[in-house]
Amino acid sequence: MPITPDTKDWTWVLSRPCPECGFDASQATPANVPGSVTSMLPRWRAVLRRPDVAERPDESTWSVLEYSCHVRDVFTLFDYRLSLMLAEDDAQFDDWDQDKTAIEQDYASADPAEVAVELTAEGEQIAASFARVTEEEWDRKGTRSNGSVFTVQTFAQYFLHDVVHHLHDVDG
């Protein structure tokens, strides 16, 4: 059964802690994203070794494998968007349909060992990209296709919540 698409606007996490995972965006900066991301990578690799990695807990929830594929792709997408924000004034982000991507790339049938390698590489890549961001660049802007405007600072916070929240989903 297909997952019901998540249509919530999660930008509210920028103004208050997430009651589900406990993430507090006010504590995140582009400077601490690299350490946060790299410290989570071993936990992502560990969940990908579970014997039930491909089993959905219910019909409306992704499996650990599907969440891991999603996070891998979040690393890739956000790294690209960060590079746009740093290279272009008022960068514009195309829409990304995460649910369509999950179906088209068949997340449910991915090889967990390959996903672990790819997730680690993409996580290390975005960590390195954030490590190069200077404090003077924190106010550079980018706009998502739905009109949400981010600075590099709020983009880092929004990004980090996604990774923390999904790790909570599979490891909490």
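A salt bridge is a side-chain nitrogen of Lys or Arg within 4 Å of a carboxyl oxygen of Asp or Glu. Keep that in mind as you look at the structure above, which is a predicted model. Here, Arg43, Arg50 and Asp171 are linked in a network of salt bridges.

**Charged pairs**

Side chains of opposite charge can pair when their charged atoms come close. How many salt bridges does the rule give in this model? The count comes to seven.

| Pair | N to O distance |
|---|---|
| Arg56 and Glu66 | 2.7 Å |
| Arg72 and Asp73 | 2.9 Å |
| Lys100 and Glu104 | 3.8 Å |

Let us take these pairs in turn. The salt bridge between Arg56 and Glu66 links distant parts of the chain: Arg56 sits in the loop between α1 and α2, while Glu66 belongs to helix α2, and ten residues separate them. Is Glu66 buried or exposed? Glu66 is buried, because its relative accessible area is 4%, and the cut-off for buried is under 20%.

In the salt bridge between Arg72 and Asp73, Arg72 has 10% relative accessibility and so counts as buried. Asp73, at 12%, counts as buried too.

**The nonpolar core**

Now turn to the nonpolar side chains. The largest nonpolar core holds 50 residues, and the members that touch the most others are Trp44, Phe75, Phe130 and Phe159. Which elements give two or more residues to this core? They are the helices α1 (33–47), α2 (64–87), α4 (112–131) and α5 (152–171), together with the strand β1 (91–93). The largest share comes from α2, with twelve residues.

Leaving aside residues up to four places away in sequence, Phe130 touches Pro30, Val33, Pro34, Leu82, Phe155, Ala156 and Phe159. One of these contacts, Phe159, is itself among the core members that touch the most others.

Key:
Residues are numbered from 1 along each chain as its sequence is written. This is a predicted model: local features need pLDDT of at least 70, side-chain atom pairs count only at pLDDT 80 or more; totals for chains, interfaces and linings use all residues. Side-chain values use heavy atoms; hydrogens and water are left out. A nonpolar core is a set of buried Ala, Val, Leu, Ile, Met, Phe, Trp, Tyr and Cys residues joined through side-chain atoms within 4.5 Å. Buried means under 20% relative accessible area, exposed over 50%, partly exposed in between (1.4 Å probe, protein chains only). Helices (H or I, at least four residues) and strands (E, at least two) are DSSP runs, numbered from the N terminus. Contact means heavy atoms within 4.5 Å.
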